[in-house]
Amino acid sequence: MDRVIKLLAKYRDVLLYLFFGVLTTFVNYLVYFPLYNWLSCSAALSNSIAWVVAVAFAYLTNKPFVFQSDDWSRKTLVPELVKFISCRIGSGFAETMCLWVLVDRLNWNGNWVKLAVSVLVVVLNYISSKLIVFRKK
């Protein structure tokens, strides 16, 4: 049992990021799929709108729970938020471009492409959050 506890403690950041990453992805899908499937918005537009909602959710959960950044003062919050959004713009742009090319231009299935591209986005977002945004001083 001690070994399991040590492993959980060692990989705490990754496990929590995966948990909240799944929740963030779920929030993203809750916005994307209705826009794309029911309202017939393009994959790129649906993804852009879903991205805004998911980024807000991700910041509000990653900051305190994953990276244990509990300083909400303006001095910390503003630069941290700018870095977070800047990193997410990069991965969001990559995701949206993949959807635009593969779905809107090549007519691949927007639901399956969205799911596949999400894996890449989660990895990119974890790396940027860990190394750039919530880096330990």
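Predicted model: local features only at pLDDT ≥ 70, side-chain atom pairs only at ≥ 80, totals over all residues.

Biologist: What volume does the largest cavity have?

Modeller: About 220 Å³. With a threshold of 30 Å³ or more, the count of cavities comes to one.

Biologist: Which helices supply at least two residues of that lining?

Modeller: There are four to name: α2 (12-38), α3 (43-66), α4 (74-105) and α5 (110-133). The biggest share comes from α2, which puts six residues into the lining.

Biologist: And how do the lining residues divide into nonpolar, polar and charged?

Modeller: Eight are nonpolar, eight are polar and three are charged.

Biologist: Let's step back to the overall fold. How many helices and strands are there?

Modeller: Five helices and zero strands. Along the sequence the pattern reads α-α-α-α-α. Taken along the principal axes, the C-alpha atoms fill a box of roughly 50 × 40 × 20 Å.

Biologist: You said α2 gives the most to the cavity lining. How far does α2 reach from its first C-alpha to its last?

Modeller: It reaches 38 Å over 27 residues, close to the 39 Å expected at 1.5 Å a residue. Just after α2 comes S40, with a positive phi of about 60°.

Biologist: And α3, how far apart are its end C-alpha atoms?

Modeller: Only 30 Å, although α3 has 24 residues. A straight helix would reach 34 Å at 1.5 Å a residue, so α3 falls short of that. There is a positive phi just after α3 as well, at Q68, of about 45°.

Biologist: Switching to charges. How many salt bridges does the structure hold?

Modeller: Two. One of them pairs E80 with K63, and the closest N and O atoms are 2.5 Å apart. E80 is in helix α4 and K63 is in helix α3, so this pair ties together parts that are 17 residues apart in sequence.

Biologist: Now the outside. Which residues form the nonpolar patch on the surface?

Modeller: The patch consists of M1, V4, I5, L7, L8, Y11, V14, L15 and L18, with about 860 Å² of accessible area together.

Biologist: Which helix gives the most to that patch?

Modeller: α1, with four residues. Both α1 (2-10) and α2 supply at least two residues each. V14, for one, is placed in helix α2.

How values were computed:
Residues numbered from 1 in each chain as written. Heavy atoms only, no water. 1 Å grid on protein atoms, 1.4 Å probe; cavity = no way out; pocket = protein on both sides within 12 Å on 5 of 7 lines; lining within 4 Å. Points joined across faces, edges and corners; volume = space filled by probe spheres on them. Nonpolar A, V, L, I, M, F, W, Y, C, P; charged D, E, K, R; others polar. Patch = residues over 30% accessible without salt bridge, like charges linked within 9 Å, V, L, I, M, F, W, Y side chains within 5 Å. Areas by Shrake-Rupley, 256 points an atom, 1.4 Å probe, with all protein chains shown as cover. Salt bridge = Lys/Arg side-chain N within 4 Å of Asp/Glu carboxyl O.
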